[in-house]
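Below is a briefing on a predicted model.

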Amino acid sequence: VLCFVVLRAGISVSAQNQKPIFACDVSADPALKTLAFCDSSLDVKTRVDDLVNRLTLPEKLGWLANSAKGVSRLGIPDYEWWSEVLHGVSYTGPGVRFTSLVPGATSFPQVILTSASFNESLFRAIGKVVSTEARAMYNVGSAGLTFWSPNVNIFRDPRWGRGQETPGEDPLLTSKYGVAYVRGLQERDDGNKEKLKVASCCKHYTAYDLDNWKGIQRYSFNAIVTQQDLDDTFNPPFKSCVIDGNVASVMCSYNQVNGKPACGDPDLLSATIRGTWKLNGYIVSDCDSLNEMFYSQHYTKTPEETVALAINSGLDLNCGSFLTKNAQAAVDRGLLNETSINKAVANNFATLMRLGFFDGDPSKQLYGNLGPKDVCTQANRELAREAARQGIVLLKNSRGSLPLSPSGIKSLALIGPNVNATYTMIGSYEGVPCGYTSPLQALSASVKTIYEEGCGGVSCTAPRVDAAKAISAGADAVILIMGSDQTIERESQDRVNITLPGQQQLLVTEVAKVAKGPVILVIMSGGGMDIQFAKNDPKISSILWVGFPGEAGGAAISDVIFGSHNPSGKLPMTWYPQSYADAVSMTNMNMRPSRSNNFPGRTYRFYTGPTVYPFGYGLSYTQFSHKIIQAPPPPTLISIPLDQKHPCRRRSSSNCTSIDSAEVCNLNLGFDLQLKVRNEGGMGGSHTVLLFVSTPRVHDAPEKRLLGFDKLHLGGWGEGVARFRIDVCEHLSVVDEFGKRKLGLGEHVLHVGGSKHSFNVAI
């Protein structure tokens with residue numbers, strides 16, 4: 001299987017350079033000791049300033065592209081910036097090579113499934129494992145130190161092919177995922193906050209969630225976005241990445257935002273990312289963005305103007321060759337000055353300084369002992385399996401269906417195009433996995449199985465219905481593993497239909513008719529599917545969504561089906577009916593509904609129409625109850641002490657519906673909320689507590705929004721406590737039409753399951 005993947009990826013299996021690439025190799029050139037930029041005892045700025053001052057203009061320009069050109073006279077080698085670690089070390093990008101030294105790396109579930117665990121500690125643990133494997137590969141010359149992951153775009157539309165790469169549709173969940181994964185990747189074990197284990201990058205900034213829909217391409221798409229939607233939906237994950245995660249890089253996207261290229265807008269780049277958020281790192285373009293800015297968007301008249309616009313807007317690094325080809329001419333024409341170039345290249349070098357690239361031999365540094373032995377360890381592979389288990393979502397479960405008892409199953413019929421999935425399980429931005437456990441392998445290890453693929457691939461144009469029915473009629477139980485793969489949804493390919501591809505629905509329905517025992521439908525996909533037919537069909541007793549579950553996906557599916565793991569995943573995105581996709585254009589970027597044009601809004605925060613399954617939905621093999629045990633006693637009133645001269649004091653309170661949140665933030669107003677969670681059954685399991693808030697409907701506020709989440713593991717009949725701290729300024733304020741945060745006056749309602757707690761905010 002590994003050989004198959006290696007050939008598919010077109011990568012070498014022979015050992016390449018067995019040494020890492022680094023600068024300031026004083027053992028090879030003792031004269032380098034005298035150069036300040038090679039002196040690791042000095043601060044980063046001093047070292048960077050020294051290096052930049054030594055470079056000629058052409059040498060500087062060589063460090064503004066992903067394939068950076070070395071400066072041999074100063075002991076600096078070539079360096080490739082572009083590597084990826086979306087859910088494991090990936091061969092996407094030229095910076096990573098799998099060789100006979102390291103033939104594979106741990107392939108975790110695609111991000112959308114991991115996020116369904118709602119487990120911040122898991123997000124961070126995966127990041128830590130991935131960075132360890134990346135560092136190990138760096139030490140044998142198979143990887144770099146800079147990785148352009150994670151993807152923290154909002155999964156705004158169910159048809160987006162790259163939704164699978166994201167943590168879902170909710171800004172808070174996406175922010176929490178981004179921060180935890182970035183910290184797992186970047187933070188060092190010695191606690192040195194200035195240095196980096198590897199450098200992470202949050203992408204694609206901003207309002208990017210359309211690739212190729214009905215011929216409309218991301219390269220030229222102009223996303224028309226309100227300031228309100230930009231500040232309360234699209235930008236929060238990037239802000240959190242920079243401020244809370246201290247991410248080393250942000251990538252700007254291909255698209256335009258309100259008529260300006262994202263990689264050529266100084267308000268988005270220098271003013272916001274570096275100015276307001278204080279990025280400590282570099283800003284990189286998506287690959288060939290500058291080329292698309294000129295040739296697809298026709299935003300500038302000349303290539304030189306494009307280069308000057310990007311650098312002067314705050315871009316530091318261009319993925320592609322457009323900048324290096326045209327930068328000298330831009331300087332010669334007076335469009336770009338060397339001071340701006342110095343700032344950009346300094347940001348790039350500062351990142352490499354923090355990574356130890358200029359500290360000499362990596363074997364003498366903190367992670368110098370890592371190597372092939374630290375990749376694909378048993379612990380790492382088990383974490384991949386655990387991540388898949390935690391993310392799997394139980395959507396339907398009739399009495400007597402799941403979990404199946406292996407001892408009670410004499411024959412198990414396995415049907416569907418993803419029963420024997422291997423490569424499909426790892427999703428996009430994949431690497432070579434340590435190995436695969438397919439669903440067929442895992443399920444067949446527990447009981448006697450009969451397998452019929454039934455479709456001829458996920459496109460399922462000619463289903464073998466009769467053959468599938470024949471093996472199902474006599475089986476004790478039937479498992480249908482359906483869904484999609486990268487031919488259906490991926491980068492550069494958005495969906496039009498969100499139903500099961502081809503004639504999969506026909507196959508499922510016909511098999512269910514003849515089955516005599518439980519019928520379990522398993523959906524392997526990145527985006528949601530309209531499977532209302534299966535939800536309504538009483539013959540289909542259980543439904544599982546398993547995302548793209550990674551290298552150990554088959555084992556995790558088997559663990560859930562046979563009950564060795566109690567499912568606890570919750571959907572990180574809304575599952576819409578096909579009628580939604582038929583009625584709503586992907587190009588409409590509005591989040592909020594509009595009565596004037598019958599636009600229904602997007603995501604659970606604003607959309608109130610019919611769903612197949614809502615955001616946050618997920619069942620367990622047991623039942624959990626919630627009871628609020630600590631909260632301000634009713635009637636709760638949070639009083640905001642405003643000066644008597646405040647405008648709201650000078651007019652009737654009914655006309656004053658909100659106040660600036662800045663007037664509240666320094667007051668430290670808040671309260672603790674605690675909930676007792678009880679497992680009402682005898683089977684142990686984990687439970688995700690989702691805390692939502694509904695605020696006064698001022699400034700077109702969301703219907704409700706996620707305020708926090710906590711994951712508890714409880715034994716049979718066990719109890720635990722979920723704890724939340726409610727900060728009035730942070731958690732109860734909303735974004736107004738101008739992008740300003742406001743605190744609504746009136747009733748606020750906290751929701752957890754069926755429990756509610758109301759309180760009023762007043763002046």
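**Cysteines, helices and backbone**

The sulfur of Cys201 has its closest cysteine sulfur in Cys202, 6.9 Å away, which is too far for a bond. A disulfide needs sulfur atoms within 2.5 Å. Cys201 is buried, at 0% relative accessible area. Elsewhere, the count by this rule comes to 8 disulfides.

**Disulfide Cys376–Cys434**

- The sulfur atoms of Cys376 and Cys434 lie 2.0 Å apart and form a disulfide.
- The torsion about this S-S bond is about -90°, so the Cys376–Cys434 link is left-handed.
- Cys376 sits in the loop between α13 (338-355) and α14 (378-391), and Cys434 in the loop between β12 (412-415) and α15 (439-444), so the bond ties together parts 58 residues apart in sequence.

**Disulfide Cys455–Cys460**

- Cys455 is joined to Cys460 by a disulfide, S to S 2.0 Å.
- The link of Cys455 and Cys460 is left-handed, with -65° about the S-S bond.
- Cys455 is buried at 3% relative accessible area, and Cys460 is buried at 0%.

**Disulfide Cys648–Cys656**

- Cys648 and Cys656 are joined by a disulfide, with an S to S distance of 1.7 Å.
- The torsion about the S-S bond of Cys648 and Cys656 is about 50°, so this disulfide is right-handed.
- Cys648 is buried, with a relative accessible area of 5%; Cys656 is buried too, with 3%.

**Helix contacts**

- Helix α7 (residues 227-234) and helix α8 (residues 236-243) have axes that come within 6 Å and cross at roughly 50°.
- The pair α7 and α8 is therefore oblique.
- On the α7 side, Leu230, Asp231, Asp232, Thr233 and Phe234 make the contact; on the α8 side, Pro236, Pro237 and Phe238 do.
- By type, the residues of the α7–α8 contact divide into 5 nonpolar, 1 polar and 2 charged.
- In helix α17 (residues 504-514), the buried residues are Gln504, Leu507, Val508, Glu510, Val511 and Ala512.
- An α-helix has 3.6 residues a turn, so residues three or four places apart point the same way.
- The cover over the buried residues of α17 includes β12, α16 (465-473), β14 (477-483), β15 (519-524) and α18 (532-536).

**Cis peptide bonds**

- The bond from Tyr205 to Thr206 is cis, with omega near 5°.
- Thr206 is in the loop between β3 (202-205) and β4 (212-213).
- The bond from Leu402 to Pro403 is also cis, with omega near -5°.
- Pro403 is in the loop between β11 (393-397) and β12.

- Ser492 has phi near 75°, a positive value in a residue other than glycine.
- The loop between β14 and α17 holds Ser492, which counts as partly exposed at 31% relative accessibility.
- Asp700 has phi near 55°, again positive in a residue other than glycine.
- The loop between β21 (685-694) and β22 (705-714) holds Asp700, which is partly exposed, with a relative accessible area of 37%.

Technical notes:
Residues numbered from 1 in each chain as written. Predicted model: local features only at pLDDT ≥ 70, side-chain atom pairs only at ≥ 80, totals over all residues. Heavy atoms only, no water. Axes fitted to C-alpha atoms, helices over the stretch in contact; angles between N-to-C directions. Helix = DSSP H or I, 4+ residues; strand = E, 2+ residues; numbered from the N terminus. Parallel < 35°, antiparallel > 145°, perpendicular 65-115°, else oblique. Contact = heavy atoms within 4.5 Å. Nonpolar A, V, L, I, M, F, W, Y, C, P; charged D, E, K, R; others polar. Buried < 20%, exposed > 50% of the residue type's maximum accessible area, 1.4 Å probe, protein only.
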